[in-house]
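Let's take a walk through this structure together. Keep the sequence and the 3D view open as you read.

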Amino acid sequence: MYTIYQVMPGDNLQVISDKFNTSIENLRKINSLPFNYDLTVGEQIIVPSISKEPFIYYTIQKGDNMYEIARKYNVDLNTLLRINGLNKDDYIYPGEELMIPQGNIQTYIVENGETLYDVSNKLNTNVDKIIEDNDSIYLLPGQLLIIKK
């Protein structure tokens, strides 16, 4: 997903790549920009869209199955099952809604006895980042935590 961004005063490829969590190389590629290109204020460039929501919601349709939904949204099947409280043998029904993680987040489900330090080590991040990215943290087994990439 992409959107159009208008270059503002003080912007350069580094500032814009940081703002949209992408690389300078990616911006150059999608906009066909040469290596030493200087942006001008008011110029419009294509940038990746950033979703502020960690999940999209999908309403199950007749004939859907979890494997196909996971494949369609490029999500690991086990992750999709876990964040929706499902097992691989559970039936899904048309009209039910599933939470599907956006590509800009990592999900983690807390296990019994874990601390924030344990979780931060498993996710290769720091405790402050976990706290920043989650509204409430109880560290109870089964709690869903997110880490924004």
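**A pocket and a helix**

Strand 4 (97-101) and strand 5 (105-109) each give at least two residues to the lining of the second largest pocket. Strands here are DSSP runs of E, at least two residues long, and helices are runs of H or I, at least four, numbered from the N terminus. This is a predicted model, where local features need pLDDT of at least 70, side-chain atom pairs count only at pLDDT 80 or more, and totals for chains, interfaces and linings use all residues. Residues are numbered from 1 along each chain as its sequence is written, and side-chain values use heavy atoms, leaving out hydrogens and water.

Back to that lining: strand 5 gives the most, with three residues.

Now hop over to helix 2 (residues 24-31), where Ile24, Leu27, Arg28 and Asn31 are buried (under 20% relative accessible area, with exposed meaning over 50% and partly exposed in between, for a 1.4 Å probe and protein chains only). Seen down the axis of helix 2, the buried residues fall within an arc of 100°, so they line one face (the arc is that of the directions from the helix axis to the C-beta atoms). Turned away from that buried side, Glu25 and Lys29 are exposed. The buried residues of helix 2 pack against helix 1 (13-19) and strand 2 (44-48), with contact meaning heavy atoms within 4.5 Å.

Zoom in on leucine 27, which counts as buried because its relative accessibility is 0%. Leaving aside residues up to four places away in sequence, leucine 27 touches several others, including Leu13, Ile16 and Ile46. Just after helix 2, serine 32 takes a positive phi of about 50°.
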